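Trainee: I have a new model to read. Can we go through it together, one feature at a time?
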Amino acid sequence: MIELTIYSRPGCHLCEEVKATIQRAIAVSRKPVRIDEIDISGDADLEARYGTEIPVLLVNGKKAAKYRVTEQELRRVLDARHG
């Protein structure tokens, strides 16, 4: 299973765009994926680490993207990390 972690905060339009892109990419790829969304707004440590880069996407614990990712880029990452 591929684990995706999204660091975001409420009201972040780029975060909403990345979440929509993730949903489209996993629908096409049909790979087993688990998604964890982490709201950084209530955690000072996460705000310090990711606050200026959100959304941040980790794939299996490794940073794969920040700010934006295209559906094609994400599908390539999912293909590379699957199995």
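Trainee: Is Leu 14 buried or exposed?

Mentor: This is a predicted model, so keep that in mind as we read. Buried means under 20% relative accessible area. Leu 14 has 14% relative accessibility, so Leu 14 counts as buried. Leu 14 lies in helix α1.

Trainee: Which residues does Leu 14 touch, not counting residues up to four places away in sequence?

Mentor: Leu 14 touches Ile 54, Pro 55, Tyr 67 and Arg 68. Leu 14 and Val 69 are 55 residues apart along the chain, and their C-alpha atoms are separated by 9.9 Å.

Trainee: Let me step back to the whole fold. How many helices and strands are there in the protein?

Mentor: Count 3 helices and 4 strands. Read from the N terminus, the order is β-α-β-α-β-β-α. The radius of gyration is 12 Å, close to the 12 Å that the globule rule gives for 83 residues, so the protein is as compact as a globular protein of that length. Along the principal axes, the C-alpha atoms fill a box of roughly 35 × 20 × 15 Å.

Trainee: What share of the 83 residues is buried?

Mentor: Buried residues make up 40% of them. The accessible surface comes to about 5000 Å². Carbon and sulfur atoms hold 47% of that surface.

Trainee: What share of the contacts with a separation of 6 or more comes from residues 24 or more positions apart?

Mentor: Such pairs account for 68% of those contacts.

Trainee: How do I read a pair of aromatic rings?

Mentor: A pair is described by the distance of the centres and the angle of the planes. A search of the whole structure finds 1 aromatic pair here. The rings belong to Tyr 7 and Tyr 50. Their centres are 4.2 Å apart and their planes are at 20°, so the pair is stacked.

Trainee: Which parts of the chain does the pair link?

Mentor: The pair links distant parts. Tyr 7 is in strand β1, residues 2-8, and Tyr 50 is in helix α2, residues 44-50. They are 43 residues apart.

Trainee: Are Tyr 7 and Tyr 50 buried or exposed?

Mentor: Tyr 7 has 11% relative accessibility, so Tyr 7 counts as buried. Tyr 50 is buried too, with a relative accessible area of 5%.

Trainee: Last topic: the backbone. What should I expect?

Mentor: Most residues other than glycine have a negative phi, and most peptide bonds are trans. Now look for exceptions. A cis peptide bond joins Ile 54 and Pro 55, with omega about -5°. Pro 55 lies in the loop between α2 and β3.

Trainee: What is the phi of Asn 60, and what is the phi of Tyr 67?

Mentor: Asn 60 has a positive phi of about 50°, although it is not a glycine. Asn 60 lies in the loop between β3 and β4. It is partly exposed, with a relative accessible area of 34%. Tyr 67 has a positive phi near 70°. Tyr 67 is in the loop between β4 and α3. At 36% relative accessibility, Tyr 67 counts as partly exposed.

Notes: Residues are numbered from 1 along each chain as its sequence is written. This is a predicted model: local features need pLDDT of at least 70, side-chain atom pairs count only at pLDDT 80 or more; totals for chains, interfaces and linings use all residues. Side-chain values use heavy atoms; hydrogens and water are left out. Rings of Phe, Tyr and Trp (its six-membered ring) pair if their centres lie within 6.5 Å; planes under 30 degrees apart count as stacked, over 60 as edge-to-face and the rest as tilted. Helices (H or I, at least four residues) and strands (E, at least two) are DSSP runs, numbered from the N terminus. Buried means under 20% relative accessible area, exposed over 50%, partly exposed in between (1.4 Å probe, protein chains only). The radius of gyration is taken over C-alpha atoms; the globule rule is 2.2 Å times the number of residues to the power 0.38. Contact means heavy atoms within 4.5 Å. Accessible areas come from the Shrake-Rupley method with a 1.4 Å probe; for residues, only the protein chains shown count as cover.
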